[in-house]
Amino acid sequence: MINILDDLRKSSTPGHREAHAANAAVLEVSNLTVRYENGIALEDVSFHLTTGERVSVVGPNGAGKSTLFKVIAGVITPTQGQVSVRGYGPGGHICIAYLPQRNQVDWTFPVNVTDVVMMGRVGRLGLLRWPKRQDWAVVRQSLEDVGLADLANRQISELSGGQQQRMFIARALAQEAELLLMDEPLTGLDVNSQEAIFGILDELQRREVTVMVSTHDLDQAAGRFDRVMLLNHRLLGLGTSKEVFTPERLVTAYGGHLRLVQAGEELLAVADTCCEDGDAHE
Amino acid sequence: MSSWLTWLLTPLNYPFMVRGFLAAWMVGVVCATVGTYVVLRGMAFFGDALAHAILPGLAVGYLVGGGARGPLFWWAMLAAVLSSIGIGAISKGTKIREDTAIGVVFAGMFALGIAMISTVRSYTVDLAHFLFGDVLGVSLSDLFLIGIFGGLIVITILLFYKEFLVLTFDPLLAVTLRLPARALEYLLFILIALAVVVSLQTVGIALMVAMLVTPAAAASLLTRRLPIMMTLAAVIASVSGVIGLYISYYANVASGAAVVLTSTAFFATIWLVRTVQKKRGVWDG
């Protein structure tokens, strides 16, 4: 009950956010362990990211990718260890955006694209306040930034997969997020939609927004990001794809699900870590 | 005067009918507004359980008050608020699945209520009154309580519109925006509990879930915008309330059942029309 009152007190201040310490890393994770009742999700994970960095997170299903994102977002409290965003715990920030997997969203919910993007403003509005002209302007701008201005009044069930994902990025922009955690945003999208999203990620990088993207596509993870994080409960590597995608590390991460084939200069990794929703990845 | 006008006006000669119409209309609006969230969050079973779980509260009030009707409202409110918080806490805090926890609590509480009331000799009559309501027995002071609490419920839902929207559509977003998610969730539980208490006399415990769910479900088939869904649900519910009472008056049918059957008919008609339209491709589904 005291927690609830404390929550209320905090949220009654509009735009409430924890101060950002100067020079503190945008994200610093130290000795993070998360234990669930049926096992360990993350064990002794430590790393830090620099501002504006774009990092891919790969690892087999159940490797703890979503858990890691949720701990960073302040949704799950870690069993041990610490997360600090710009020098403070995640719980006080509203600058962290978690973009859910598309299959975890109720697309029949009676809202349109603008409604969803406006949700990003709610944290800054404060309780009992309605959106002002400035908020509507931010929402309109966010929709333009992701190329969805024409679909502003579209019901969300009528969007394509790529449009759905761009809508969530627009919501994060409306939230004025500085750290974006995207849970498998590229899964199930065609090449054009994926490219549209990479285009937006490039623009985010220019704005110094730090982005973590979990994916099953090792090729994209290696080629389209500044650094790759290989995760299987433990942090198996974080660095350039050359440093991380070594035979030993890949086999440690994927075990029997991975076949390594030497193809000339290149090392070819053949994997099929199919996901819960049944989408195929190679 | 034309005959249909006479037909419409005759029941209004009786003050108890006028009070019944007012009660049915207000309860319809309140339940439909709250019920929109019940439908969107998939909480129909929670609503049904909550209605049943207040019976022991009613029973205590009934035994303590020696059958006086006045204090029952407050006893029901106490029981409803405690049950909603209890069900919320149990379903969050244990390994048991939420619907199982609700089932256990609801059946246990309901049985306790029946056991308590059964200690009184005339218990079948009184039990029936609690189970099925009696909108025609609504007194002026009941009407005031319905108006005050119903108004509070609707105002709260409107005040917290954007917070409840975020909490319902994307609970994780509510947390990352640092909204007081737990407090909001309990607030919604309590609003549902209050709506149940306010509607108690109109439809009774057994049919309560229909007031919460049916109009909102019918409205959800007609629109894809939340504010419109809420408004349509309120309109369907209040129209059902009024038509139901006319049916009750002329066909001599139990009032609560007549109201619920009317809104069920609305739902069935809309569902049928939508399904046919979808098959023909008139509506894009």
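**Exercise 1. What percentage of the 282 residues of chain A count as buried?**

Solution. Before starting, note that this is a predicted model, where local features need pLDDT of at least 70, side-chain atom pairs count only at pLDDT 80 or more, and totals for chains, interfaces and linings use all residues. Residues are numbered from 1 along each chain as its sequence is written, while chains are lettered from A and ligands numbered from 1 in the order in which they are written.

Step 1: A residue is buried with 20 or more other C-beta atoms within 10 Å of its own, exposed with 12 or fewer, and partly exposed in between, with C-beta atoms placed from the backbone.

Step 2: apply them. In chain A, 40% of the 282 residues count as buried. For chain B, buried residues make up 49% of 285.

**Exercise 2. Work out what each chain is built from.**

Step 1: helices (H or I, at least four residues) and strands (E, at least two) are DSSP runs, numbered from the N terminus.

Step 2: chain A has 10 helices and 11 strands, whereas chain B has 14 helices and zero strands.

Step 3: chain B has a radius of gyration of 19 Å, close to the 19 Å from the globule rule for 285 residues, so it is as compact as a globular protein of that length. That radius is taken over C-alpha atoms, and the rule is 2.2 Å times the number of residues to the power 0.38. Along the principal axes, the C-alpha atoms of chain B fill a box of roughly 60 × 55 × 30 Å.

**Exercise 3. Describe the side of chain A that touches chain B.**

Step 1: two residues are in contact if their C-beta atoms, placed from the backbone, lie within 7 Å. By that test, 24 residues of chain A meet 24 residues of chain B.

Step 2: α1 (2-11), β5 (96-99) and α4 (122-125) of chain A each supply at least two residues of this side. α1(A) gives the most, with five.

Step 3: sort by class. Ala, Val, Leu, Ile, Met, Phe, Trp, Tyr, Cys and Pro count as nonpolar, Asp, Glu, Lys and Arg as charged, and the others, Gly among them, as polar. The tally for this side of chain A is 16 nonpolar, six polar and two charged residues.

**Exercise 4. Decide where to be careful in chain A.**

Step 1: pLDDT is the predictor's confidence in each residue, from 0 to 100. Chain A averages 84, and 84% of its residues reach 70 or more.

Step 2: among the elements of chain A, α1(A) has the lowest mean pLDDT (53), and helix α3 (residues 113-119) has the highest (96).

Step 3: pLDDT stays under 50 over residues 12-16 of chain A, with 12 contacts beyond four places in sequence in the model. It is also below 50 over residues 275-282 of chain A. Where pLDDT is low, the predicted coordinates should not be read in detail.
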